[in-house]
Amino acid sequence: MSTASTRVPQQERSRATQARLLEATLDCLVEHGWSGTTTTVVAHRAGVSRGAQLHHYPTKAALVTAAVGHLSERRAAELRVEAEALPAGPDRLDRVVDLLAAAFTGPLFVAALELWVAARTDTELRAALLPLEARVGREMYRLTVELLGVDERRPGVREAVQATLDLLRGLGVANLLSDDSARRTALLHAWKHQLAALLTPAADPPGSARH
């Protein structure tokens, strides 16, 4: 058997091992939190040897940030697929906000929040997490602009989109300890009206000429 033919199965096994480790890491973060997510526990849950785990991700910080980055990319792809079924009319904004709000209540958000809190006092984790959070934040902003179909060059649009994401993040935190659905629904309803007004281009004044 040639070296080239054996390399592909080896690469596939390597990718499969990485995928199991990343999924197991996210499950552990959601179930046990940062302190309970050890590399040993993750390797056992993934059915991977300790040596294989260290080969792919030599530190806990590298493992957990890779896991959150992996799920962030997957969730962004899923959101785009889900958005393809959204209406193109006046109801689209409401549906987009609801779709984005769900992203701040799922396993990814819970796992990310565990890392944010831990990174406050863990310098190694913070160093690994900051560039990831910056990238994820940019991608979520770009995705929101894309789903809403707005022109971010218009005054106020960038701020309105970012305010929406900040609001959804805050509501996600409030929902962690208790069922906050009633207040959440009321706030989102009010914000949707505000957002629609902020994102709707102002009509030209009567008698004005367009150039």
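This is a predicted model: local features need pLDDT of at least 70, side-chain atom pairs count only at pLDDT 80 or more; totals for chains, interfaces and linings use all residues.
## Contacts and overall form

Contact here means heavy atoms within 4.5 Å. Residues are numbered from 1 along each chain as its sequence is written, and side-chain values use heavy atoms, with hydrogens and water left out.

So what is the chain built from, and how many helices and strands are there? The protein chain has nine helices and zero strands; helices (H or I, at least four residues) and strands (E, at least two) are DSSP runs, numbered from the N terminus. Along the sequence the pattern reads α-α-α-α-α-α-α-α-α. With a radius of gyration of 21 Å, well over the 17 Å that the globule rule gives for 211 residues, the protein chain is more spread out than a compact globule. That radius is taken over C-alpha atoms, and the rule is 2.2 Å times the number of residues to the power 0.38. Along the principal axes, the C-alpha atoms fill a box of roughly 75 × 45 × 30 Å.

## Surface and charge

Of the 211 residues, 36% count as buried. Buried means under 20% relative accessible area, exposed means over 50%, and partly exposed is in between (1.4 Å probe, protein chains only). The protein chain exposes about 12100 Å², with carbon and sulfur atoms supplying 57% of it. These areas come from the Shrake-Rupley method with a 1.4 Å probe; for residues, only the protein chains shown count as cover.

As for charge, the chain carries 25 positive and 24 negative charges, and their mean positions are 4 Å apart. Lys and Arg count as positive and Asp and Glu as negative, while His and the chain ends are not counted. Each charge is placed at NZ of Lys, CZ of Arg, CG of Asp or CD of Glu.

## Helix α2 and what follows

Helix α2 covers residues 39-46, and its Thr 39, Val 42, Ala 43 and Ala 46 are buried. Seen down the axis of α2, the buried residues fall within an arc of 100 degrees, so they line one face of the helix. The arc is that of the directions from the helix axis to the C-beta atoms. Just after α2 comes Gly 47, with a positive phi of about 70 degrees.

Thr 17 sits in helix α1 (residues 3-36) and counts as buried at 13% relative accessibility. Leaving aside neighbours within four places in sequence, Thr 17 is in contact with Val 48 and His 56.

Over in helix α4 (residues 60-83) is Thr 65, buried with a relative accessible area of 11%. Not counting residues up to four places away in sequence, Thr 65 touches Leu 125, Ala 128, Leu 129 and Leu 132. Thr 65 and Ala 112 are 47 residues apart in sequence and 8.8 Å apart in space, C-alpha to C-alpha.

Helix α7 (residues 123-148) holds Thr 144. Is Thr 144 buried or exposed? Thr 144 is buried, with a relative accessible area of 0%. Residues up to four places away aside, Thr 144 touches Leu 100, Val 161 and Leu 165.

Finally, Ser 181 lies in helix α9 (residues 181-199) and is partly exposed, at 35% relative accessible area.
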